[in-house]
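Morning, everyone. Please take a look at the model on the screen before I start.

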Amino acid sequence: LALFRFWNMMQYFNPNRDIMGDDPAQSSAYWSGVLNESIRQFAFASDRLSYQRELLLFIAKINDTHSNLWTGTAALPPTGSCYLPVDLRFVEGQLIVYRLTARDASADNPLQVGDVITHLGDAAIIDLVNDRRPFYPASNEPTRLRDMARYFARGACGVAPLTVRRGDEKLDLTPSRLAVSAIDFSRSSVHDLPGATFQMLAGEVAY
């Protein structure tokens, strides 16, 4: 029922339906094809998590950042209840430690601002991005990577081995994922610079 209701909303009320597909030449068949592909997956979702995952896969095919499953972010990969105490960002295709976020500034954390994370465990970041990309609805790739970065450090509580590039060094580190209560998320969704939302930084450079 959710699948058909959502499909109908896009079919009859979305003014961008004919440009949702990746190939403009196939725009008329794209959305019908999405429905055909999704029916079986929805029907055989065996539990809450798999059902939410199918919803995310389906919604992502709308290719619009405004369409999402906001009550189902826990189903976004990777799943888990703990986070590494860092803000991450993708910069020029690389996963960068942007900010340290542990509430206890003295807590042991081998990661440093500016570290480039190349592997989580044995998995290369690029491979993880490719595996997770279909679950993240977005209008474009930079937005998708922004949203993926928010959850990239999530997982099981405890030690999370990873590999970073720090300057010319390659380091194998063992930071720990912490409970949400031990992490300060307050700056993760605000502007980087204090003050007015719009600022002229220099010359014709606007922020």
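I'll take the sheet, then the disulfide, then the pockets.

A word on the basis. This is a predicted model, where local features need pLDDT of at least 70, side-chain atom pairs count only at pLDDT 80 or more, and totals for chains, interfaces and linings use all residues. Residues are numbered from 1 along each chain as its sequence is written, and side-chain values use heavy atoms, with hydrogens and water left out.

The sheet. It is open, with 4 strands in the order E6-E1-E10-E7 and antiparallel pairing. Strands here are DSSP E runs of at least two residues, helices are H or I runs of at least four, and both are numbered from the N terminus. Pairing takes at least two DSSP bridges between two strands. Strands E6 (154-155) and E7 (158-159) sit at the edges, each pairing on one side only. Inside, E1 (residues 82-83) meets E10 (residues 176-179) over 2 bridges, in the antiparallel sense. Cys82 has Ala179 in E10 as its bridge partner.

Stay with Cys82. Which residue forms a disulfide with Cys82? Cys157, with the sulfur atoms 1.8 Å apart; the cut-off for a disulfide is within 2.5 Å. The link joins distant parts of the chain: Cys82 lies in strand E1, Cys157 in the loop between E6 and E7, 75 residues apart. The S-S torsion is about 65°, so this disulfide is right-handed. The structure holds 1 disulfide. Cys82 is buried at 2% relative accessible area (buried is under 20%, exposed over 50%, partly exposed in between, with a 1.4 Å probe and protein chains only).

Now the pockets. A pocket is an open set of points on a 1 Å grid over the protein atoms alone, with protein on both sides within 12 Å along at least five of seven lines; lining residues have an atom within 4 Å of a point. Volume is the space filled by probe spheres set on the points, which are joined across faces, edges and corners.

The largest pocket holds about 570 Å³. Its lining has 22 residues, with Leu88, Arg89, Arg146, Arg150 and Ser188 nearest the centre. Which element gives the most to that lining? Helix H5, with 7 residues. Strands E2 (86-91) and E3 (94-100) each supply at least two, as does H5 (141-151).

The second largest pocket holds about 150 Å³. It has 14 lining residues, and Gly93, Gln94, Leu95, Ile125 and Ile126 lie nearest its centre. E3, strand E4 (116-120), helix H4 (125-132) and H5 each give two or more.

That's the tour.

Conventions: 1 Å grid on protein atoms, 1.4 Å probe; cavity = no way out; pocket = protein on both sides within 12 Å on 5 of 7 lines; lining within 4 Å.
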